Amino acid sequence: MAIGERALEATELARPSRLARVREWWEQEHVFGYSLIVPALALIVGLVAYPFGMAIYFSLSDYWVGSPGQFIGLRNFWEILGNEIFQQTVYNTFVFALIAVAFKTVLGVWLAMLLFRDFKFKRLIRGAVLLPWVIPTALSVLAWGWMFDSLYSVVNWTAIHLGLINPPGPNWLGLTGYAVTAVIAVNVWRGLPFFAIIVLAGLVSIPREYYEAAEVDGAGSWGRFRHVTLPLLKPVLAVVILFSTIFTFSDFNIVQVLTRGGPVNTTHLFATLAYQIGLTGGNLGQGAAVSLFLFPLLGAFVFLQLRYIRRE
Amino acid sequence: MNVGVRSRGARIRSAVFGYANMIPFIAFALFPFYYMVITSLKKDAELYNLKAVPFLIQTGVITDHYRYLFFKTEFLTWMKNSLIISVVATSVSLVIAILAGYSLARLRYRGVGTFGTAVFITYLVPPTLLFLPLSQVVVWLGISDTIWALIVTYPTFLVPFSTWLLMGYFRTIPREVEECALVDGASRMQTLCRIVLPMAVPGIVCVTLFGFTLTWNEFTYALTFVSQTANKTAVVGVTADLIRGDIYYWGSLMAGAVVASLPIVIIYVWFLDYYVSGLTAGAVKG
């Protein structure tokens with residue numbers, strides 16, 4: 001009996017001390033640090049890194065929806081590179097990204113300069129300007145689709161009544177050159193607020209004294225812009241252009257809602273082509289190969305970005 | 001005297017010039033929304049009349065398109081789905097991101113820099129790169145075609161983004177406050193919950209707002225992983241399921257776009273400053 005009681009006592013003593021030891025172990029900085037990062041890391045490994053590995057595996061195999069295929073090496077890539085629609089897509093993507101980002105940069109800096117001044121209803125106007133960036137893109141693009149309607153386009157109506165074009169006006173989303181223009185216009189509309197707001201933050205951080213000094217030196221407003229504003233905005237501009245290029249390259253929503261890649265594939269981007277081949281067509285292998293072409297481009301941007309941050 | 005008058009004139013001229021310059025930008029930004037709203041309130045006969053002025057409602061305001069939307073389609077189910085998905089995905093991501101962000105911003109251990117870089121790289125991976133393999137992962141998990149497919153996958157872009165944003169906020173809290181609490185005998189978890197979190201409230205609000213907006217607006221995954229009408233989100237439901245056959249019913253489509261944007265507009269109007277600061281912090285620090 002006595003032994004039994006002893007044993008009981010011993011376990012009772014051991015239990016709190018073990019708990020305390022666990023607690024003490026957990027209080028160590030590195031243990032606590034690792035345990036907090038585990039959920040995020042598990043998510044990144046399981047739902048980002050692993051799917052990324054799968055995308056690479058898909059691209060190297062003959063994988064269709066519902067039928068895991070065999071390893072076929074680089075055949076998907078060769079087939080895609082020889083595919084005219086893919087070549088068209090590469091061309092589209094570069095033209096689209098180049099023109100859209102150029103417009104967003106110029107208009108974005110312009111708009112930021114306007115918003116930087118002191119004026120009435122500052123908050124209201126900033127709020128209005130940022131709105132396209134906040135509203136669900138797919139829905140606002142739907143409205144653009146209606147504005148570019150083949151018959152009742154408000155854009156054409158306005159242009160006709162201003163005497164700019166002859167009725168009935170072009171079918172914006174059905175004609176090759178016009179569809180590209182429409183997609184770029186919508187992309188600029190949607191991305192401009194992002195540019196303007198971030199450049200505005202950059203403008204705010206420029207010390208006033210620099211402008212005063214430039215003014216004393218006799219610089220006009222253009223001179224101040226060229227020699228003070230622009231050089232000091234460079235870091236912010238670099239970041240925002242990189243970000244915007246990534247978004248623009250990998251865009252899906254605008255094209256998918258507005259044109260689905262048409263007419264005659266002139267508005268396809270990597271993501272919409274991958275969607276069409278991989279999901280609508282069911283050829284996951286080739287679809288994955290198409291979307292992986294995004295990766296080296298994005299990788300280069302991320303590399304530049306990281307190097308830039310380190311240098312700062 | 002003369003100089004004063006001239007400079008005042010110049011000031012007024014420059015102000016007028018500034019406002020005049022701003023008008024095209026504001027019109028460009030707002031017109032699609034204006035057009036969305038008036039289209040949703042117009043009679044079909046007026047919508048499809050080439051002689052009518054498209055900018056105005058000339059033959060009377062009607063609510064038929066909205067009535068059709070609410071009573072004849074699954075729109076309300078889509079709104080409910082969107083709400084559940086956004087709330088659950090944002091809350092889960094917020095908890096994961098608070099833990100990870102605190103760990104990366106404040107604690108010192110081996111590999112912390114590498115983890116930080118990993119989070120940042122994930123932050124820059126666009127969803128369009130991963131939607132094909134994820135569509136298969138979702139099938140294997142047995143949640144394809146349900147709202148769970150989205151609740152599980154949305155944290156993949158929410159967590160990296162939120163972690164990155166929160167790291168910035170945690171860094172602004174003075175270390176001494178935490179050290180005091182630790183010296184006083186609080187555990188690390190207590191310090192995080194009772195000392196650090198209350199001081200990071202603006203950051204948490206910001207992350208919540210952005211998380212909700214991003215999930216509510218998400219289109220690629222929602223279009224890809226869910227095909228059953230009853231399980232769609234509002235954004236995909238309106239974009240894909242209100243179109244019957246090849247015919248676009250613009251009145252009800254625009255009504256759907258208006259109502260499905262409304263939750264975001266309301267939050268946005270209330271918390272405008274958080275959006276601006278979050279946008280700036282997320283991108284400039286990123």
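Visitor: In which loop of chain A does Pro263(A) lie?
Guide: In this predicted model, the peptide bond that runs from Gly262(A) to Pro263(A) is cis, with omega near -15°. Most peptide bonds are trans. As for its place in chain A, Pro263(A) belongs to the loop between helix H11 (253–258) and helix H12 (270–280).

Visitor: Is Arg260(A), with its positive phi, buried or exposed, or does it fall in between?
Guide: Arg260(A), which sits in the loop between H11 and H12 of chain A, has a positive phi of about 50° although it is not a glycine. Most residues other than glycine have a negative phi. A residue is buried with 20 or more other C-beta atoms within 10 Å and exposed with 12 or fewer; Arg260(A) has 16 such neighbours inside 10 Å and therefore counts as partly exposed.

Visitor: And Val264(A), is that residue buried or exposed?
Guide: Val264(A) also has its place in the loop between H11 and H12 of chain A, and its phi, near 40°, is a positive value in a residue other than glycine. Since the limit for exposure is 12 or fewer C-beta neighbours, and Val264(A) has 12 inside 10 Å, this residue counts as exposed.

Visitor: How are H8(A) and H10(A) oriented to each other?
Guide: Helix H8 (residues 176–204) of chain A packs against helix H10 (residues 221–249) of chain A with their axes 10 Å apart and at an angle of about 155°. Angles over 145 degrees count as roughly antiparallel. H8(A) and H10(A) are therefore, relative to each other, roughly antiparallel.

Visitor: Which element gives the most to the largest nonpolar core?
Guide: The largest nonpolar core has 156 residues, and those with the most contacts inside it are Ala196(A), Leu258(A) and Ala257(B). Ala257(B) is in contact with residues that include Leu139(A) and Leu142(A) as well as Met36(B). The element that gives the most to this core, with 15 residues, is H8(A).

Visitor: Which helix gives the most to the side of chain A that touches chain B?
Guide: Between the chains, 74 residues of chain A are in contact with 77 residues of chain B. The side of chain A that touches chain B divides into 59 nonpolar, 10 polar and five charged residues. With 19 residues, the helix that gives the most to this side is H2 (residues 29–59) of chain A.

Key. Residues are numbered from 1 along each chain as its sequence is written. Chains are lettered from A and ligands numbered from 1 in the order in which they are written. This is a predicted model: local features need pLDDT of at least 70, side-chain atom pairs count only at pLDDT 80 or more; totals for chains, interfaces and linings use all residues. Axes are lines fitted to C-alpha atoms, for helices over the stretch in contact, and angles run from 0 to 180 degrees between N-to-C directions. Helices (H or I, at least four residues) and strands (E, at least two) are DSSP runs, numbered from the N terminus. Angles under 35 degrees count as roughly parallel, over 145 as roughly antiparallel, 65 to 115 as roughly perpendicular and the rest as oblique. A nonpolar core is a set of buried Ala, Val, Leu, Ile, Met, Phe, Trp, Tyr and Cys residues joined through C-beta atoms within 7 Å. Two residues are in contact if their C-beta atoms, placed from the backbone, lie within 7 Å. Ala, Val, Leu, Ile, Met, Phe, Trp, Tyr, Cys and Pro count as nonpolar, Asp, Glu, Lys and Arg as charged, and the others, Gly among them, as polar. Lists of a residue's contacts leave out its neighbours within four places in sequence.
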